[in-house]
Amino acid sequence: MNMILRRLSRAATAGLVAAAALTAAAHSAEAADTLGSAAAGQGRYFGTAVAAGHLGEADYTATLDREFGSVTPENEMKWDATEPSRGTFTFTSADRIVDHAQSRGMDVRGHTLVWHSQLPSWVGTLGASDLRTAMKDHISGLMGHYKGEIHSWDVVNEAFQDGGSGARRSSPFQDKLGDGFIEEAFRAARAADPAAKLCYNDYNTDGVNAKSTAVYNMVKDFTSRGVPIDCVGFQSHFNSNSPVPSDYRQNLQRFADLGVDVQITELDIEGSGSAQAADYTKVVQACLAVERCTGMTVWGVTDKYSWRSGGTPLLFDGNYAEKPAYDAVLSALGGSGGPGEPGGPGEGTATCTATYTRTADWDGGYNGEVTVTAGSEPIGSWTATVTLPARQSVSALWNGTAAFNGNVMTVRPSWNGALAAGTSTTFGFTVTKNGSDAAPAVGACTAS
Ligand code: XIL
């Protein structure tokens, strides 16, 4: 009950604040491009890992809020942080990040549900059947708390070994539950939050090699058997021992060809100056060349707080100054071709249409989905209105931000504003029926 109340109040207040923040972002985007707005112009999100402990630092939050469209809690959603003892969940730090992101109209990636590391010791002491229950309870407890609020979840992290064998890594899950634990985790995750994209995430899988091929074979098997998986995350921690692979794009593409999205989830590249900048360019270009590469996340805002701070691997230095790598990323994202410029969004007469379907239905509520489709011109952003029948109320919304005026919900994009001509995106919402089963009315879609 608490969780439901919390989500209701969060959805209502976040929608209002986010609408105001979006207006501000639209103004500043005209003056100077940012990573988030430039990536949105390419139909992608650009995110960063965030640590709750730094949100009180003015320069940190100013840079975060100005530049990024998506955040990943760096440690706050891990098992040791969220369920330190069995059945006792603590969400305080993760909530701080999610609340901050939502109040600024940023989206949130969930990281991570099942991982051998940052795992409290009680998990390792359980026998197989207890462990299976604990794993499922952890997934439903954590995902349930943020239901409808997370665009993509890393359901299982780092389950394969390094080296040429393509074997699974030893962990309590692997050792006691066997290969099937990954499938079980994905099935539990789908049930816990049907709106979230479910990702498998790993490192040293960025190029074509034995480890990435083992993951590839697993994803292929999952998609052929209908095991729910939507995306594969490529951590992309690079340095001189592990450089950006020359077949990065080719590797992303082969996964995308299996029918899943790909995301660059923890990008950092040790180095400095023009060499570092050139490597960042390669990564961004690889993602942009793969249609199903839906977004990129760098693993931190500033070098000084990086988990590999000695390698200065990020886009902002310790004083939050933009590094050459920042300029390179912005330009690879087409940063100079801002809204209204030739070839950019907003040129010509932009139009869009919105259509509605009910995607799930139960006694007390239903899920609705609106598909927004650009007309014959590319669009930079859109606005759609949904009018709810009397008594109904919205308890959650995803892939968009909402402002309410009576029973009229005005929805604007979160990361999914930019659409190429004729292409579509969707947003979804959960409605509490309060005794009325009537359908909402979707009004005109406006494009800009
Ligand atoms: C790292 C964090 O950045 C550190 O603060 C923490 O001490 C250890 O974990 N792969 C992952 C991330 O999936 O969760 C890791 O994050 C980096 C490697």
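Colleague: If contact means heavy atoms within 4.5 Å, which residues is Thr-34 in contact with, leaving aside its neighbours within four places in sequence?

Modeller: Thr-34 touches Arg-66, Glu-67, Tyr-326 and Leu-330. A word on the model: it is predicted, so local features need pLDDT of at least 70 and side-chain atom pairs count only at pLDDT 80 or more, while totals for chains, interfaces and linings use all residues. Residues are numbered from 1 along each chain as its sequence is written, and side-chain values use heavy atoms, with hydrogens and water left out.

Colleague: Thanks! Where does Thr-34 lie, and does it count as buried or exposed?

Modeller: Thr-34 is in the loop between α1 (2–31) and α2 (35–41); helices (H or I, at least four residues) and strands (E, at least two) are DSSP runs, numbered from the N terminus. Thr-34 counts as buried because its relative accessibility is 10%; buried means under 20% relative accessible area, exposed over 50%, and partly exposed in between (1.4 Å probe, protein chains only).

Colleague: And what is Leu-35 in contact with, again leaving aside neighbours within four places in sequence?

Modeller: Quite a list: Phe-46, Glu-67, Phe-68, Leu-315, Phe-316, Tyr-326, Val-329, Leu-330 and Leu-333. Leu-35 is also among the residues with the most contacts inside the largest nonpolar core, together with Phe-46, Ile-139, Val-156, Phe-186 and Leu-315. Such a core is a set of buried Ala, Val, Leu, Ile, Met, Phe, Trp, Tyr and Cys residues joined through side-chain atoms within 4.5 Å.

Colleague: How many residues are in that largest nonpolar core, and which helix gives the largest share?

Modeller: That core has 94 residues. Helix α9 (residues 181–192) gives the largest share, seven residues. There is also a second, separate core of 23 residues, with Tyr-366, Ala-384, Val-386 and Ala-402 among them.

Colleague: Back to the Tyr-326 and Leu-330 end. Which residues of helix α13 are buried?

Modeller: In α13 (residues 324–332), the buried ones are Ala-325, Tyr-326, Ala-328, Val-329, Leu-330 and Ala-332. Their cover includes α2, β1 (45–50), α3 (58–67) and α12 (273–289). Just after α13 comes Gly-334, with a positive phi of about 80°.

Colleague: New topic, the ligand. How many residues surround it, and which are the closest?

Modeller: 13 residues surround the ligand, the closest being Glu-74, Lys-78, His-111, Glu-266 and Trp-299; a residue is near if one of its heavy atoms lies within 4 Å. By class, the shell has three nonpolar, six polar and four charged residues. For that count, Ala, Val, Leu, Ile, Met, Phe, Trp, Tyr, Cys and Pro are nonpolar, Asp, Glu, Lys and Arg charged, and the others, Gly among them, polar.

Colleague: Which side chain is 3.0 Å from a ligand oxygen?

Modeller: That is Asn-75, through an N or O atom of its side chain. A polar side-chain atom of Glu-266 lies 2.8 Å from a ligand oxygen, and one of Trp-299 lies 2.9 Å from a ligand oxygen. Taken alone, the ligand exposes 410 Å², and the protein buries 78% of that; areas come from the Shrake-Rupley method with a 1.4 Å probe.

Colleague: You named His-111. What is the peptide bond from His-111 to Thr-112 like, cis or trans?

Modeller: That bond is cis, with omega near -5°. Thr-112 is found in strand β3 (residues 107–114).

Colleague: How far apart are Gln-250 and Ala-286 in space?

Modeller: They are 8.3 Å apart, C-alpha to C-alpha, and 36 residues apart in sequence. Gln-250 is in helix α11 (residues 248–256) and is partly exposed, with a relative accessible area of 46%. The buried residues of α11 pack against α10 (210–225), β6, β7, β8 (261–269) and α12.

Colleague: Last one: how many helices and strands does the protein have?

Modeller: There are 13 helices and 17 strands. Of the 448 residues, 54% count as buried.

How values were computed. Polar contact = N/O pair within 3.5 Å; in protein donor to acceptor, adjacent residues only side chain to side chain. Contact = heavy atoms within 4.5 Å.
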